[in-house]
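Please read this briefing with the structure open beside it.

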Amino acid sequence: MTTGSTDTPTSTGLADDDDQAPVAPTRDGRGRWRWLRHEWTWAVLGGLLLAVVLTWPTLRHPASTIPGDLGDPTLQAWQLAWAGHGLLTDPSNLWDSNTFYPEKYTYAYSDTLLGYAPIGMLGSGFAAALVRYNVTYVLVFALAFVGAYALARQLGSGRWGAAVAGVAWAYAPWRLAHAGHLNILSTGGIALSLAMLARGHGWSLRHGYRPERRRPGWALAGWLVAAWQITLGFGIGLPLVYFLLAAVLVAAGCYGWSWWRHRERPPFGRRLLAADLAGGAIFGAVTLLLGLVYLHVVDLNPQAQRTLDWTKLFSPPLRGFVTAPADSWLWGEPHAAAREQLTWPPEMALLPGMTLIGLAAAGLLISVYPVRHRIALGLGVLGTVLLGLGTNLGGDGDPGYLTLSKHLPGWDALRTPGRMMIWTSLLLALLAAGLVTVLAEPARKASPGRWARILLPAVLLVPLALVTVEGLNRTPHPEVPRPPAALGRTQEPLLVLPAGGINDLNYMLWTTDGFPRVTNGLAGFEPVSQAQTRMAIASFPDATSVAYLRGLGVRSVLAVPSRAGGTPWEGIADRPVDGLGITREDVDGVLVYHL
């Protein structure tokens with residue numbers, strides 16, 4: 001193992017244990033373009049290309065199809081659009097979206113993906129909303145790869161090990177169960193923030209704390225990226241909050257212990273302390289402000305508060321950790337029988353990858369990391385798996401996941417313990433990177449022209465190829481129903497029928513053409529006014545329902561008969577409107593009622 005060279009003013013990467021020396025400028029100016037040959041340029045470009053290939057055919061028809069299904073992805077496409085629209089037009093009313101009329105704070109009824117607002121500002125309308133979502137979907141995987149690659153490199157891995165870690169984490173089979181959950185797939189900021197924070201504090205698994213490598217700017221950037229990650233939602237952001245809090249306490253304890261033991265203050269530096277205080281304050285403020293918004297939603301809608309019964313319902317059995325989702329190209333069919341034994345496969349098929357498990361297990365024995373750090377990673381894997389079992393740990397998950405739900409603020413809202421696989425698979429990827437780096441050392445150190453220069457890279461391609469193959473998907477890409485032309489001619493506020501279920505999610509996406517206010521909407525809970533509306537309009541059009549909607553302020557009702565089969569509004573076209581004081585017109589097969 002090498003200790004690596006110290007940082008110099010020309011050092012640009014997150015880690016440089018085996019980087020090539022910087023290219024000196026030449027008289028012909030070629031040195032100015034050395035960034036094109038830099039490791040991080042290739043890592044980013046490789047991550048983007050890999051994302052396009054491994055998420056294909058997401059970008060084949062980005063203006064008409066969507067990955068996953070026609071449920072949550074259409075909701076999240078609307079969320080991206082609303083974030084950009086709201087901030088551009090009326091930031092003060094961002095949280096009062098155009099859906100769930102006349103309720104307030106409706107944008108916070110789910111994880112908002114607010115951090116993607118800059119993307120939401122690009123373009124307008126239904127087609128732009130779809131393109132925006134599909135591009136973001138691909139970029140999410142690219143960022144996850146780059147984040148894990150950067151973290152592995154900073155912690156002491158070589159390039160081959162970091163590449164394996166990046167692919168294994170970004171394209172782990174368990175993620176395929178969440179193809180329709182952009183908020184769960186958006187994990188790149190977790191790994192990237194940890195890489196930047198470790199870089200800023202001069203720390204790695206391989207070499208420990210090296211004060212000469214402290215970089216306050218990187219530390220500040222790490223806190224800012226972590227704050228951005230929180231803006232994508234608390235579903236996966238809250239564990240990051242508690243992890244960083246625990247890391248700060250542990251680091252402070254280790255600093256104090258070293259001071260007491262050696263009777264002298266370890267080097268830290270005022271600039272780094274200032275960066276941590278400023279970055280931590282921003283991170284804390286973002287977390288607190290968003291938390292207050294969600295607490296206000298619960299105050300307005302007490303039924304939105306999750307009980308521990310939800311956690312029990314979604315707690316996976318141990319076999320779920322070696323069971324792949326149906327969309328896995330390699331393991332989907334072989335694991336079909338195992339999935340049938342899971343009560344809720346989308347949250348319980350949690351395979352991180354057979355290759356990754358094997359590499360990580362070997363990485364406990366052979367690695368560039370010191371033994372104590374390998375043990376720490378292994379204990380982290382064990383701990384996150386035990387937490388991921390939820391109530392299936394022991395008798396009832398207490399002590400365990402339920403303990404956190406009872407004592408950590410906000411943790412009770414995290415009803416799906418299996419999502420701890422985000423952390424489990426990241427720790428496994430780091431262990432795998434340590435092993436692959438050991439295997440790659442002879443190739444890096446061999447003299448040019450020797451057989452190792454040819455044979456060892458070919459051998460190292462095997463683990464990289466295997467984790468890539470395990471990430472291949474069979475994710476469906478259905479065509480998204482387009483909004484009817486009548487929607488643009490209908491006076492708001494309006495109601496779209498049939499209401500409820502996946503229909504409401506589609507309608508939310510339809511409203512990206514102008515964002516008219518609609519009573520429709522679907523979230524993890526149902527507002528009281530919406531429940532009342534559903535009951536009152538079941539017989540629409542009649543005198544009672546018309547009077548109710550007028551009292552609510554609704555000006556128009558748009559009915560789509562082709563979607564009404566099996567609902568209370570089946571056959572709505574045959575219901576008379578005489579004597580109700582309303583008018584009806586047919587616009588390309590869609591009925592528009594003017595109240």
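## Salt bridges

Arg-534 and Asp-504 form a salt bridge, their closest N and O atoms lying 3.3 Å apart. Arg-534 belongs to helix α20 and Asp-504 to helix α19, so the pair ties together parts that are 30 residues apart in sequence. This is a predicted model, in which local features need pLDDT of at least 70 and side-chain atom pairs count only at pLDDT 80 or more, while totals for chains, interfaces and linings use all residues. Residues are numbered from 1 along each chain as its sequence is written, and side-chain values use heavy atoms, with hydrogens and water left out.

**Terms for this section**

- A salt bridge is counted when a side-chain nitrogen of Lys or Arg is within 4 Å of a carboxyl oxygen of Asp or Glu.
- Buried stands for under 20% relative accessible area, exposed for over 50%, and partly exposed for what is in between (1.4 Å probe, protein chains only).
- Helices (H or I, at least four residues) and strands (E, at least two) are DSSP runs, numbered from the N terminus.

**The pairs**

- Side chains of opposite charge can pair when their charged atoms come close.
- The count of salt bridges comes to eight.
- In the pair described above, Arg-534 is partly exposed at 22% relative accessibility, whereas Asp-504 is buried, with a relative accessible area of 1%.
- Another salt bridge joins the side chains of Arg-153 and Glu-39 (2.6 Å, N to O). This pair links distant parts of the chain, with Arg-153 in helix α4 (residues 126-154) and Glu-39 in helix α1 (residues 39-54), 114 residues apart.
- Arg-153 is buried, with a relative accessible area of 0%, and Glu-39 is buried too, at 10%.
- Glu-39 and Arg-153 are linked with Arg-159 in a network of salt bridges.
- Arg-517 has a salt bridge to Glu-492, with 3.2 Å between the closest N and O atoms. Here the distant parts are two loops: Arg-517 is in the one between α19 (502-510) and α20, and Glu-492 is in the one between α18 (452-470) and β3, 25 residues apart.
- Both partners count as partly exposed, Arg-517 at 36% relative accessibility and Glu-492 at 32%.

## The sheet

- Strands of a sheet pair through backbone hydrogen bonds, either parallel or antiparallel.
- Four strands form an open sheet in the order β3-β4-β6-β5, with mixed pairing; two strands pair if DSSP finds at least two bridges between them.
- β3 and β5 (583-587) are the edge strands, and each pairs on one side only.
- On average, neighbouring strands of this sheet are turned by 20° against each other, direction ignored. The axes behind this angle are lines fitted to C-alpha atoms, for helices over the stretch in contact, and angles run from 0 to 180 degrees between N-to-C directions.
- β3 and β4 are parallel and pair over four bridges, with Leu-495 opposite Val-557 in β4.
- β4 and strand β6 (residues 590-594) run antiparallel and are joined by four bridges. Leu-558 has Val-592 in β6 as its bridge partner.
- In a regular strand the side chains alternate between the two faces of the sheet.
- In β3, Leu-494 and Val-496 point one way and Leu-495 and Leu-497 the other way, and all are buried.

## Helix α21

- Which residues of helix α21 (residues 543-552) are buried? They are Ser-545, Val-546, Leu-549 and Leu-552.
- These residues cover an arc of only 125° around the axis, which puts them on the same side of α21. The arc is that of the directions from the helix axis to the C-beta atoms.
- Ala-543, Thr-544 and Gly-551 are exposed on the other side of α21.
- The buried residues of α21 pack against β3 (494-497), α20 (528-536) and β4 (556-559), where contact means heavy atoms within 4.5 Å.
- After α21 comes Gly-553, with a positive phi near 100°.

## Arg-374

- Arg-374 is located in helix α15 (residues 371-388) and is buried, with a relative accessible area of 11%.
- Apart from neighbours within four places in sequence, the contacts of Arg-374 include Gly-363, Leu-364, Ile-366 and Leu-431.
- The side chain of Arg-374 reaches the backbone oxygen of Tyr-369 at 2.9 Å.
- Between the C-alpha atoms of Arg-374 and Arg-206, which are 168 residues apart along the chain, the separation is 9.8 Å.

Methods:
Polar contact = N/O pair within 3.5 Å; in protein donor to acceptor, adjacent residues only side chain to side chain.
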